[in-house]
Every structure is written in structure tokens, then in C-alpha cells.
Amino acid sequence: VYEDEGIPALKAWFGAALFALRRPDEDASAHLDRLRAAEQLAPGVAFFAERRAKALLEANRSPELALAAVREAFGCDYPEPAKLHGLRGMALYRLHRYPEAAASFRRARELDPAEPLYAQWADALDQDAAAPEAPAP
């Protein structure tokens with residue numbers, strides 16, 4: 001589906017909206033609307049939802065919207081599921097849902113053991129979960 005003539009132009013338009021979304025001085029809503037409009041022109045292409053999730057996380061925008069975008073990408077035939085599990089883990093981490101985040105990073109590590117970032121995140125979250133809590137002062 002990426003080889004279609006319309007997809008490269010659509011990716012360029014989508015890329016411009018992603019770039020603007022990453023700028024902290026910009027209002028995210030208009031750019032998110034552009035991203036969703038691009039995605040509707042090529043339904044079922046997980047690339048768009050994955051990139052939207054990544055941009056939201058990189059820009060420190062809404063982790064809830066990033067998690068929703070990852071869910072959408074899981075619903076498509078995406079060639080890199082480890083990346084989606086990693087993005088899901090990051091969104092869950094930012095939502096303070098640490099056990100779920102650790103599970104996502106462990107799954108990403110299973111799918112792509114060559115990527116050290118997944119193992120680092122999974123191990124760090126597992127260690128935090130195993131550490132005893134400090135007594136309250």
C-alpha cells in the first residue's frame with residue numbers, strides 16, 4: 001500500500017503536521033486534526049498512527065492520545081510490532097501505569113531482543129517494582 005502514488009504525498013503532508021506538533025509553542029489540536037485527516041485518506045496504514053503516537057510522546061504531549069494512537073496502529077498490519085509495544089510502554093509509563101508499562105517493554109524485548117532500549121526500560125521498571133518502599137517520615 002505504501003507504493004501507491006498518493007501515499008508519498010500523503011506522508012509529506014503528514015510529516016509537516018508531525019513537525020509542527022513537536023513545536024512546544026504550537027497548539028496541538030489543529031495539527032492533530034491534520035494528522036487524522038491524512039490517516040483517513042489511507043485507512044489501515046499503521047504508519048500514520050505509529051508516527052502520531054511517537055510525535056505525541058516526543059513532544060511531551062498527551063500520553064492518553066499517544067496510547068490511543070498505538071491502539072489504532074495495533075489494529076492495522078504493522079511490520080514492526082516491537083516498536084508499537086515500546087511506544088505503548090512509554091505512554092503507559094507517562095500515565096504512571098508502571099506494571100503495564102513494564103509488561104509492554106518486556107513484550108517489545110521478546111519481539112526485538114537486539115534493541116537494548118526495551119530491555120533497559122523493562123529491567124528498570126522491574127527493579128523499581130521489586131524495591132521496598134521507603135518509610136514515610
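Q: Is Tyr93 buried, exposed or partly exposed, and what is its relative accessible area?
A: Tyr93 is partly exposed, with a relative accessible area of 31%. Buried means under 20% relative accessible area, exposed means over 50%, and partly exposed is in between (1.4 Å probe, protein chains only). Keep in mind that this is a predicted model: local features need pLDDT of at least 70, side-chain atom pairs count only at pLDDT 80 or more, and totals for chains, interfaces and linings use all residues. Residues are numbered from 1 along each chain as its sequence is written, and side-chain values use heavy atoms, with hydrogens and water left out.

Q: How many aromatic pairs does the structure hold?
A: Three. Rings of Phe, Tyr and Trp (its six-membered ring) pair if their centres lie within 6.5 Å; planes under 30 degrees apart count as stacked, over 60 as edge-to-face and the rest as tilted.

Q: What kind of pair do Tyr93 and Trp121 form?
A: An edge-to-face one, 4.9 Å centre to centre with 70° between the planes. Tyr93 lies in helix α5 and Trp121 in helix α7, so the pair ties together parts that are 28 residues apart in sequence. Helices here are DSSP runs (H or I, at least four residues), numbered from the N terminus.

Q: And Trp121, buried, exposed or partly exposed?
A: Trp121 is partly exposed, at 22% relative accessible area. Its ring also pairs with that of Phe105: the centres are 5.3 Å apart and the planes are at 15°, so this pair is stacked. Phe105 is in helix α6 and Trp121 in helix α7, 16 residues apart.

Q: Phe105, then: buried or exposed?
A: Phe105 is buried, with a relative accessible area of 2%. Ring pairs link Phe105, Tyr93, Tyr98 and Trp121 into a cluster.

Q: New topic. Which residues have the most contacts inside the largest nonpolar core?
A: Ala53, Leu57, Ala66 and Phe105, in a core of 19 residues. A nonpolar core is a set of buried Ala, Val, Leu, Ile, Met, Phe, Trp, Tyr and Cys residues joined through side-chain atoms within 4.5 Å.

Q: Which helices supply it with at least two residues each?
A: α3 (46-58), α4 (63-74), α5 (81-94), α6 (98-111) and α7 (116-130). The largest share, five residues, comes from α5.

Q: What does Ala53 touch?
A: Ala66, Ala69, Val70 and Leu87, leaving out residues up to four places away in sequence. A contact means heavy atoms within 4.5 Å. Apart from this core lies another, of five residues, including Ala46, Ala73, Tyr78 and Leu84.

Q: Which residues of α4 are buried?
A: Pro63, Ala66, Leu67, Ala69, Val70 and Ala73. The buried residues of α4 pack against α3 and α5.

Q: Last one. What is the mean pLDDT of the chain?
A: It is 76, and 66% of the residues reach 70 or more. pLDDT is the predictor's confidence in each residue, from 0 to 100.
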